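Here is a quick tour of a protein chain for anyone meeting it for the first time. Have a look at the picture, then read on.

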Amino acid sequence: MASRKDLELANRLADAAGDAIRPLYRGQWSQEQKADRSFVTEADQAAEAAMRKIIETERSDDGIIGEEYGTRNEGASRQWVLDPIDGTTSFIAGRPIFGTLIALLQDGFPVLGIIDQPIGRERWAGRLGHETTFNGQPVRSAACRELSNAVLATTTPHQFSDHEADHFMGLAKAVAERKIIYGGDCYNYGLTASGHVDIVCEAGLKLHDFAALVPVVEGAGGLMCDWSGEPLHAGSDGNALAIGDPARLEDVLEAMALA
């Protein structure tokens, strides 16, 4: 389980990351392309370095899984999972819909998560067994009576294989035609927790992409799972669903299966 002190530490990590990111936003910074063809900027590296320094100083026994600087204390039962900028393309383009993701795993399962948008200073915090908050105030995901009226989001259809795209299009055909949103990365999951988006569908996510999202969405009354409806954990395949109203789970899975 995650304690109040764990949450306080996670908030300080987010503060440190934001302090590293904001001076570089829409400014001058270096960037490079990684082996997987994604981009990393000076801001990504500075933000993760700032967070890692705090964890290594204050929680030396805990593990760290970071997008930019790898794994520390790999066998630890408690692991901090860091994505300094989820949505680096949005950061590069000057769009304030990227976010810093911070998760705490206990034996491979997410028990705490932070989604922090450092430019708008918007922060969602989720902790297992507690209500999700947005800037310190509790939030709830929205009821959705009919899938045909749902707002559906995904970062980009280009991340789907042909097979995955077929399943996504099955879902897209079942929701409101003019309520499909493209782009947003982790920001879409915060909006789901706050009741503005009903469903997020993604494929090929890595642990640092989804671990922090689970406590945030579920602490607001929503559900996160893989495309089979199974809970997300460190061994999940990265195909993820966030559903604001868990009552729509079977409808979502049926729509995707009909593709």
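Predicted model: local features only at pLDDT ≥ 70, side-chain atom pairs only at ≥ 80, totals over all residues.

## What's tucked away

A residue is called buried under 20% relative accessible area, exposed over 50%, and partly exposed in between, using a 1.4 Å probe and protein chains only.

Residues are numbered from 1 along each chain as its sequence is written, and side-chain values use heavy atoms, leaving out hydrogens and water.

## The overall build

The chain has 8 helices and 15 strands; these are DSSP runs numbered from the N terminus, with helices (H or I) of at least four residues and strands (E) of at least two. Its radius of gyration is 17 Å, close to the 18 Å that the globule rule gives for 259 residues, so the chain is as compact as a globular protein of that length. That radius is taken over C-alpha atoms, and the rule is 2.2 Å times the number of residues to the power 0.38. Along its principal axes, the C-alpha trace spans about 50 × 40 × 35 Å.

Now for contacts, meaning heavy atoms within 4.5 Å. Among those between residues at least 6 apart in sequence, 61% join residues at least 24 apart.

Two strands pair if DSSP finds at least two bridges between them.

Strand 5 (residues 78-86) and strand 6 (residues 99-106) are antiparallel partners over 7 bridges. Within this pair, R78 has Q106 in strand 6 as its bridge partner.

## Around strand 8

Is strand 8 (residues 122-127) largely enclosed or left open? It is largely enclosed by the rest of the structure, because 5 of its 6 residues are buried.

Strand 7 (residues 109-117) runs antiparallel to strand 8, joined by 6 bridges, and L112 is partnered with R127 in strand 8. The two strands form a hairpin with 4 residues between them, where R121 in the turn has a positive phi of about 55 degrees.

Strand 8 also runs antiparallel to strand 9 (residues 133-134), joined by 2 bridges, and W124 has F134 in strand 9 as its bridge partner. This hairpin has 5 residues between its strands, and G129 in the turn has a positive phi of about 85 degrees.
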